[in-house]
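I opened my notebook for this one with two things to look up.

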Amino acid sequence: MRRYMVAGNWKLNMGPSAGVELAAGIQNGLAGCTLKGDALVCPPYVTIPAVAAVAQGQPVYLGAQNCSDQDQGAYTGQVSAGLLKEAGCSHVLVAHSERRQYQKETDDLFVAKIDRVHAAGLVAVFCFGELLEERQAGNAEDVVKAQLAGVLPRVASATPENLILAYEPVWAIGTGETATPEIAQHMHKVSRDAVTGLLGPDFADAARILYGGSCKPSNAAELFSQPDVDGGLIGGASLKIEDFLGIIEAAEKVM
Ligand code: PGA
């Protein structure tokens, strides 16, 4: 049985003071609970130290939204996985669709970043998923398989524990559109089968595949009931204490 994860990606929201309030609210809401899965919050870099002071380790893990592919040195504006660890992070998102789209990040960079994340002893959450045009053209499955094939076999350090996967149908991100539970399950199964081919059945069985795309308290239970959906990567709904807690509650109920 795979442990679920409900991960909040705060994106470019929540400075230190708002972030502390949100994280403390989540932590307080879960106080005394022994979760069946893991909760994770990923604030912007500058908010990480403030959040680390109120929420770090079970039940709420702390992660970053990105990291450098470099360790240290003359890399202006970059933040390394090692520094994130020192600041209290245990997880790092890699390859979020918004970084693919706006920063033009590529497979080579994702491999280098995941290597750095693992070298620092952290867990990478690797994101992948198709664009609306790709889905409309009937290419969703091929796109997802290619995104997995372009990265996973090249990460020598990957284990099901240090590499979490997150399927994000880009057409459902921040749009209010959610993949139907059937579409989500189908794409997660396609992804898990691809992982079987790339890394073997044991890895694929144990791999956690999160769903990202307008997941909310009202649809989380249905999505999380699908056999290949192991939790969610939540954007908008992770910015409200009650919504994020509601999604965790749904996970606790159905998983
Ligand atoms: P959303 O973002 O929940 O706001 O759609 C999800 C994501 O970025 O994965």
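**Entry 1: the ligand.** A reminder to myself before starting: this is a predicted model. I asked which residues are closest to the ligand. I found 13 residues surrounding the ligand, and the closest are K11, H96, G174, S214 and G236.

For H96, I noted a side-chain N or O atom 2.8 Å from an oxygen atom of the ligand.

**Entry 2: α10 and α11.** Next I turned to helix α10, residues 217-224, and helix α11, residues 241-254. I read their axes as coming within 8 Å and crossing at roughly 25°. Angles under 35 degrees count as roughly parallel, so I put α10 down as roughly parallel to α11. The hand of this crossing is right-handed.

Which residues meet here? From α10 I listed P217, A220, A221 and F224; from α11 I listed D243, G246, I247, A250, A251 and V254. Sorting the residues of this contact by class gave me 8 nonpolar, 1 polar and 1 charged.

**Entry 3: α1 and α11.** I stayed with α11 and looked at its packing with helix α1, residues 16-29. Here I noted an angle of about 40°, with the axes 9 Å apart. The two helices, α1 and α11, are therefore oblique to each other. I marked the crossing of α1 with α11 as right-handed.

On the α1 side, the contact is made by E21, L22, G25, I26 and G29, and on the α11 side by I241, F244 and L245. My class tally for α1 with α11 reads 5 nonpolar, 2 polar and 1 charged.

**Entry 4: α7 and α8.** My last pair was helix α7, residues 140-149, with helix α8, residues 181-199. Their axes come within 10 Å, and I have the crossing angle at roughly 40°. Left-handed or right-handed, I wondered, for the crossing of α7 and α8? I wrote down right-handed.

α7 brings A140, E141, V144, K145, L148 and A149 to the contact, while α8 brings H186, M187, V190, S191, A194 and L198. For α7 with α8, I counted 8 nonpolar, 2 polar and 2 charged residues.

Definitions and conventions
Residues numbered from 1 in each chain as written. Predicted model: local features only at pLDDT ≥ 70, side-chain atom pairs only at ≥ 80, totals over all residues. Heavy atoms only, no water. Axes fitted to C-alpha atoms, helices over the stretch in contact; angles between N-to-C directions. Helix = DSSP H or I, 4+ residues; strand = E, 2+ residues; numbered from the N terminus. Parallel < 35°, antiparallel > 145°, perpendicular 65-115°, else oblique. Left-handed = near helix turned anticlockwise from the far one by under 90°. Contact = heavy atoms within 4.5 Å. Nonpolar A, V, L, I, M, F, W, Y, C, P; charged D, E, K, R; others polar. Near = heavy atom within 4 Å. Polar contact = N/O pair within 3.5 Å; in protein donor to acceptor, adjacent residues only side chain to side chain.
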